[in-house]
Amino acid sequence: MQYISYDFYKKESVGGDISAEKFPIYEKKARSAIDYYTFGRIAEPISEKVRECMLELIMFQRNVEKAAEEGSGVILSETVGDHTVHFADGSGLLGLKTGSNTGKTKSELEYEIVAKYLMSTGLMYRGVDL
């Protein structure tokens, strides 16, 4: 079961550039993250908070992919003899932990997105249901 459709994504996302062909890949990754942090508790009808969370996760995943593809243009190291330049990928620009970067991991940032929308719903409750 999809949590959002491509039509919803195109209508609600600002600057969404994911094609209809690639959308199911992003939707599945975002849905998997939500299911992981909510222990598979999402049921129909899909709430507005879940749909908003899906949009942000999809946009986050797309931004991570774009940053990795395009790079940051930031020089990590440069050698003068036989001139060698090593550029950082764009992950650091998103606050992702790469090498000695003190940012957060992709999983930590995904958790923060899910928690922002769903923490107050009880869907992320880790205790025992009685």
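This is a predicted model: local features need pLDDT of at least 70, side-chain atom pairs count only at pLDDT 80 or more; totals for chains, interfaces and linings use all residues.

Biologist: How many salt bridges does the structure hold?

Modeller: Seven. A salt bridge here is a side-chain nitrogen of Lys or Arg within 4 Å of a carboxyl oxygen of Asp or Glu.

Biologist: Which side chain does Arg 31 meet?

Modeller: Glu 27, at 2.7 Å, N to O. They sit four residues apart in helix α2 (residues 23–38), so about one helical turn separates them. Helices are DSSP runs of H or I, at least four residues, numbered from the N terminus.

Biologist: Is that pair buried or exposed?

Modeller: Arg 31 and Glu 27 are both buried. Buried means under 20% relative accessible area, exposed over 50%, partly exposed in between (1.4 Å probe, protein chains only).

Biologist: Switching topic. Which pair links distant parts of the chain?

Modeller: Glu 56 in helix α3 (residues 48–70) and Lys 116 in helix α4 (residues 106–118), 60 residues apart. Their side chains meet at 2.9 Å, N to O. Lys 116 counts as exposed because its relative accessibility is 53%. Glu 56, at 25%, is partly exposed.

Biologist: And what does Glu 65 meet?

Modeller: Arg 62, at 2.7 Å, N to O. Arg 62 is buried at 14% relative accessibility. Salt bridges with shared partners join Asp 17, Arg 62, Glu 65 and Lys 66 into one network.

Key: Residues are numbered from 1 along each chain as its sequence is written. Side-chain values use heavy atoms; hydrogens and water are left out. Helices (H or I, at least four residues) and strands (E, at least two) are DSSP runs, numbered from the N terminus.
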